[in-house]
Amino acid sequence: MSLDQFLQYIFSGITSGSIYALTALGFTLVFNATQIINFAQGQLVMLGGMVAVAFYKAGLPLWACFIVAVAVVVGVTIGFEQVAIRPLLRKGVLAQIIATVGAAFVFSTAAMLIWGRDAVALPAFSGDDPIAVGGATIIPQTLWVVGLTVFIVVALQVFYRKTLFGKAVRACAVNPTAARMQGISYSRVVMFSFALSGAISAAAGVMITPISFMSYSSGALLGLKGFAAATLGGLGNPLGAVAGGFILGIVEALGVGVVSAGYKDAIAFVILLLVLFLRPAGLLGAKVVSRQ
């Protein structure tokens, strides 16, 4: 492998890694609030892309499609939390996880019935002309996705550390019972966490649709890759989720160059199994939250 090829694989990995990182962030936000894995997270990313394409075809500019898609998916996520998660908050984590699995099937089926089986795409936000870096190239849309990832990570850190409600969210993540005793509304925190994860997922879906065609079935693989990234970095750690996403994307890209493109998807799950066997807490060692 030449240096130029190596650099090209790194750029490809950064593109994929930023997508996985945004999806992993959604997993992390919900996990921190409820200790459940939202297996409908990938479908929320898919819905963001599909809704944006629908409104773009209706004549809206790209920036308006972005806003509308985020608003629609946030509404869907809040409705899902109210109907399927809130009634199960006292029924145990397993019941809530099963509800997210069911929601994943519902969202995929609804998308198929509304938009059909064909894959769709959006135009790139700032053109398709690749940018030359050394002997490799990077597409401008990748910079949008990476920029969004960096912005969201910084905004989350400021929110959690500098705002009163952000501190309340962190308190519920540590000990919801003690947080309730201090007057914090746990149900409000859960709803906010779902809404925020939906907003991030929808934004990710809109951003990646110009890079990768989106269809009703895209959410399943995106969700699995995002879960693998979140587990790799450490569930419950937003910075770990982002780090895990980029590591997973780069390892996948290099695996394509060294081994074969046919093993690309398998690489993610091999990494996931290794992490679960060797370091279940993830690379950044998120602390296990005790809930009593």
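Biologist: What makes the surface patch of Arg161, Lys162, Lys167 and Arg170 a positive one?

Modeller: Arg161, Lys162, Lys167 and Arg170 form this patch, and it is called positive because Lys and Arg count as positive, Asp and Glu as negative, with His and the chain ends not counted. Patch members have over 30% relative accessible area and no salt bridge, like charges being joined within 9 Å and nonpolar side chains (Val, Leu, Ile, Met, Phe, Trp, Tyr) within 5 Å. Helices α5 (140-162) and α6 (164-174) each supply at least two residues of the patch.

Modeller: This is a predicted model, in which local features need pLDDT of at least 70 and side-chain atom pairs count only at pLDDT 80 or more, while totals for chains, interfaces and linings use all residues. Residues are numbered from 1 along each chain as its sequence is written, and side-chain values use heavy atoms, with hydrogens and water left out.

Biologist: How do you know whether Lys162 is buried or exposed?

Modeller: Buried means under 20% relative accessible area, exposed over 50%, and partly exposed in between, with a 1.4 Å probe and protein chains only. Lys162, placed in helix α5, has a relative accessible area of 67% and is therefore exposed.

Biologist: What makes the other patch nonpolar, and where does Leu278 lie?

Modeller: The nonpolar patch, of about 660 Å², is made by Val270, Leu273, Leu274, Leu276, Phe277 and Leu278. Leu278 belongs to helix α11 (residues 264-278), and its relative accessible area of 69% makes it exposed.

Biologist: Why is α1 described as largely enclosed?

Modeller: Of the 32 residues of α1, 23 are buried, so the rest of the structure largely encloses this helix. Helix α1 (residues 3-34) reaches 45 Å from its first C-alpha to its last, close to the 46 Å expected at 1.5 Å a residue, where the expected span is 1.5 Å times one less than the number of residues. Helix α8 (residues 186-208) reaches 33 Å, close to the 33 Å expected, and 18 of its 23 residues are buried, so α8 is also largely enclosed.

Biologist: What does the salt bridge of Lys225 and Glu252 tie together?

Modeller: The closest N and O atoms of Lys225 and Glu252 are 3.0 Å apart. Lys225 lies in helix α9 (residues 218-233) and Glu252 in helix α10 (residues 238-258), so the pair ties together parts that are 27 residues apart in sequence. Lys225 is buried at 2%, and Glu252 counts as buried at 0%. A search of the whole structure finds two salt bridges.

Technical notes
Helices (H or I, at least four residues) and strands (E, at least two) are DSSP runs, numbered from the N terminus. Accessible areas come from the Shrake-Rupley method with a 1.4 Å probe; for residues, only the protein chains shown count as cover. A salt bridge is a side-chain nitrogen of Lys or Arg within 4 Å of a carboxyl oxygen of Asp or Glu. The place of a charge is taken as NZ of Lys, CZ of Arg, CG of Asp or CD of Glu.
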